[in-house]
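Have a look at the structure first, then follow along.

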Amino acid sequence: MTLIIREAVPADITAIHGFILALADYEKLAHEVKADRATLEKYLFGPRPMAEVLIAEREEGPIGFALFFHNFSTFEGRPGLYLEDLFVVPEARGSGAGKALLRRLAQIALDRDCARLEWWVLDWNAPSIAFYRSIGARPMDEWTVQRVDGDALRALAA
């Protein structure tokens, strides 16, 4: 079975939304998903796209995705790629789809003169952490993620 990694198109919105829901369920965060197909379409394929998506596909259809966007390192003085989500359906795990998505992201990063490719992983997700170590990823344990959202974001903006 041939694996294809391709750029997502608007017709992929239903699959992308489904992958997001499945990932959220796996991460025990389904209650936090607010994204719907219309919002995703606006921000992925609208007049000012905010992120990009790669689709992993076999003959039977999409089996995974990677959603990413640019960030910028002031220390490097160059852009980077931030991988927001990587997901492969359970029945296709171990088939090379996840590694193929990451390989394509690495190619994109190099083509765009990015200094790095980075992402977060939940600390309890041992299978993913082991996979990431196997491809050369290293933890950035000295950093602590900070977030302002919801009411705190509105208060800060006021």
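**Rings and their neighbours**

Start with F19, F65 and F87, which together make up one aromatic cluster. Keep in mind as you go that this is a predicted model. Across the whole structure there are seven aromatic pairs. One of them is F19 with F65: the ring centres are 5.5 Å apart and the planes sit at 20 degrees, so this one counts as stacked; the cut-off for that label is planes under 30 degrees apart. The pair also ties together distant parts of the chain, with F19 in helix 1 (residues 13-26) and F65 in strand 3 (residues 61-73), 46 residues apart. As for solvent, F19 and F65 are both buried.

Now move over to Y82 and W120. What kind of pair do Y82 and W120 form? Their ring centres are 6.1 Å apart with the planes at 80 degrees, so you're looking at an edge-to-face pair; here the planes have to be over 60 degrees apart. This pair is another link between distant parts of the chain: Y82 belongs to strand 4 (residues 78-88), while W120 is in the loop between strand 5 (117-119) and helix 4 (126-134), 38 residues apart. Y82 has 11% relative accessibility, so it goes down as buried, given that the limit is under 20%.

Finally, check out the charges over rings. K28 lies over the face of W124, 4.4 Å from the ring centre. R93 does likewise with Y26, lying over its face at 5.2 Å from the ring centre.

Terms used: Residues are numbered from 1 along each chain as its sequence is written. This is a predicted model: local features need pLDDT of at least 70, side-chain atom pairs count only at pLDDT 80 or more; totals for chains, interfaces and linings use all residues. Side-chain values use heavy atoms; hydrogens and water are left out. Rings of Phe, Tyr and Trp (its six-membered ring) pair if their centres lie within 6.5 Å; planes under 30 degrees apart count as stacked, over 60 as edge-to-face and the rest as tilted. Helices (H or I, at least four residues) and strands (E, at least two) are DSSP runs, numbered from the N terminus. Buried means under 20% relative accessible area, exposed over 50%, partly exposed in between (1.4 Å probe, protein chains only). A charge sits over a ring if NZ of Lys or CZ of Arg is within 6 Å of the ring centre and within 35 degrees of the ring normal.
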